[in-house]
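Welcome to this tour. Please open the model in your viewer and follow along, one selection at a time.

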Amino acid sequence: MNIRIALAGNPNSGKTTLFNALTGSNQYTGNWPGVTVEKKEGKLKGYGKGETTVTVVDLPGIYSLSPYTLEEVVSRKYLLEEKPEAIINIVDGTNLERNLYLTTQLKETGIPMVTAVNMMDLVRKNKEELNLAQMEKDLGCPVVEISALKEEGIERLIETAVSVAKKAEPSHRIVFDEKLESVISAIETKLDGLLPPDHAVWYAIKVFERDEKVVEQLCLTASLKRQIEEYISSIEKEYDDDSESIITSARYHQIETIIHDCYVRRNRQSDSISDRIDRVVTNRILALPIFALVMFLVYYVSVTTVGSILTDFVNDTLFGEWILPSAAAALESIGCAEWLSGLVVDGIIGGVGAVLGFVPQIFVLYLFLAVLEDCGYMARIAFIMDRIFRRFGLSGKSFIPMLIGTGCGVPAIMASRTIEQERDRRMTIMTTTFIPCSAKLPIIALIAGALFDGAAWVAPSAYFTGIAAIVTSGIVLKKTRLFAGDPSPFVMELPDYHIPSVKNVFHSVWERGSSFVKKAGTIILLSTIIVWFMQAFGFENGAFTMVEDMNNSILAMAGNCIAWIFTPLGWGDWKAASAAVTGLVAKENVVGTFGVLYGFGEVAEDGMELWGTLSSEFTEFSGFSFLVFNLLCAPCFAAMGAIAREMNSARWFWIAIGYQTLLAYACSLCIYQVGTWVTTGVFTPGTVIACIMIIGFIYLLIRPERKVA
């Protein structure tokens, strides 16, 4: 027997944490809505074998079953069409009024249900009491108290849920007042034979609410629509309100009754610790400076101090002094061919090692981000950024994919599905990858170390360059015909601050970090082998051979064909051009390519690898220009594929890639040309173009907004 149990609840109610506790899954838990864009499944612990198997389906975090967001559509479609044997409705015990609204809707589906009241440890800590027996009576379904984070009450919840699923007794909804019930019953009678018998009342209520998707699904005749509209209009006139608001008020009236019956506050402080912290952290004046300071410290520690110490050890000692010399000596001792030795030492170990050398910095960065996410701070940042983004034509929901994008651009692009309006979703997809992902961190660290002597400002400036690109893009694009209009509404629940869970933080760091290492062992490995071959072989003395001068290699020939494009940006050398192009496969390839071309495997007498060769070919402005171009230009192939899938339009795909690349080129051009002019006094035609671009961009920022009819 296979039992399916749907796990449903509001965002930030602890739903995904409970899913992990129920299934033993290693799924990552975040503190913002939109992590669970699609349903996820896992076998219930203790029921994976034998006659009974139980599958838990983790539905997206939602506030209701109204079809306003993609998550709500996905959830209600699963509940009504897949018909799971039971629902576990998880509610936040510290915020019952908001959570129970979904509970009332879930009960209307008729599916057997158990309510799991989460965060009971916080309820007791706040000196509040919940009469769960009375709540169970009022809701008409089993109620179990739990703490998903501490895994308290999980076993009892499992037993209750399985028992409810096996009994298969339909859940009974909360009854409204007599007048409203009579109209709903009349609609149900009129639709007799058209409604699925298991969910007849739910469909009748949705028809009363004028739910367009339900009305369209039922294919009602014009005559039937008129008769039902008469019922609805009469009750609207009597209540002096629209039908959807009438139902909403009726639900909240029942919720108030339940809370009055079972919820007792005792000696509750007027302000919680979270409230007192938020008065500072989310303050209109202090919020942004605090956020800037926090991110500066995160990148300073990750890239410049602790992360740099660990990376220096991996690069200089582990690879530079131990692995590379040992590998070279071992291959030489067995008489290995020169080309094979070069492939292994310079190509594979040198290229992949150059990327892996930055793993410590990446893990340190992920550790900080995981702590900020799990403690509840990043949810505040989404709230803070909504106030800012909304002024520039973007919704705060756009910041959620950008937070995810600090790990990888692919899930960040997919997370844009949470945005209802098509134009806002497309704009978010176009700009999300401006935020530096883990693959770009090695580029940032390389430029900071090789060209700026590890200056603390370089890494944070890369992060804020991404945010600036997003904000200015929002301003400019919203003034065009394609994106004009008000931004999508943004509603989210701010979780209380709490000490991060070591388990959750570890899972987050490991999941993100391990994916980076896996990529280094697959895509990056293959890419560095190809790069090594192209730089090691070419035409010399009229023959195709292993070249002595790298400038005669295949890679040099190919790089020189495109290097002129980047000359105005300050890095028209074929090596830099080749690195930028290989970065389109995977951004880590930029560092991997430099590792092959600049001889990571060649160790100086003092034991330091010759990254100094790289710095000799860049000025500070050309180096920063190179960094900005690689941060803002078209992302890796995997992210491009995600953009193509989410846009679902070849035209919009090329608009997105074209905009990203042109913006990256323009920004890099202005940085190099204007920076060189200011510091050296050299004024060139490129400087003229850069100045014109800056003036044009300022005009696009300040010109009047396009009016939408």
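You are looking at a predicted model, where local features need pLDDT of at least 70, side-chain atom pairs count only at pLDDT 80 or more, and totals for chains, interfaces and linings use all residues. Residues are numbered from 1 along each chain as its sequence is written, and side-chain values use heavy atoms, with hydrogens and water left out.

**Stop one: the whole chain.** Show the C-alpha trace, which spans about 95 × 60 × 50 Å along its principal axes. Switch to cartoon for 32 helices and 10 strands; these are DSSP runs, helices being H or I of at least four residues and strands E of at least two, numbered from the N terminus.

Buried residues make up 55% of the 709 residues in the protein chain, where buried means under 20% relative accessible area with a 1.4 Å probe, protein chains only.

**Stop three: helix α1.** Select residues 15-23. Is α1 mostly covered or uncovered? It is mostly covered, with 9 of its 9 residues buried, among them Lys15, Phe19 and Leu22.

**Last stop: glycine 24.** This residue follows α1, and its phi is positive, near 75 degrees.

How values were computed: Buried means under 20% relative accessible area, exposed over 50%, partly exposed in between (1.4 Å probe, protein chains only).
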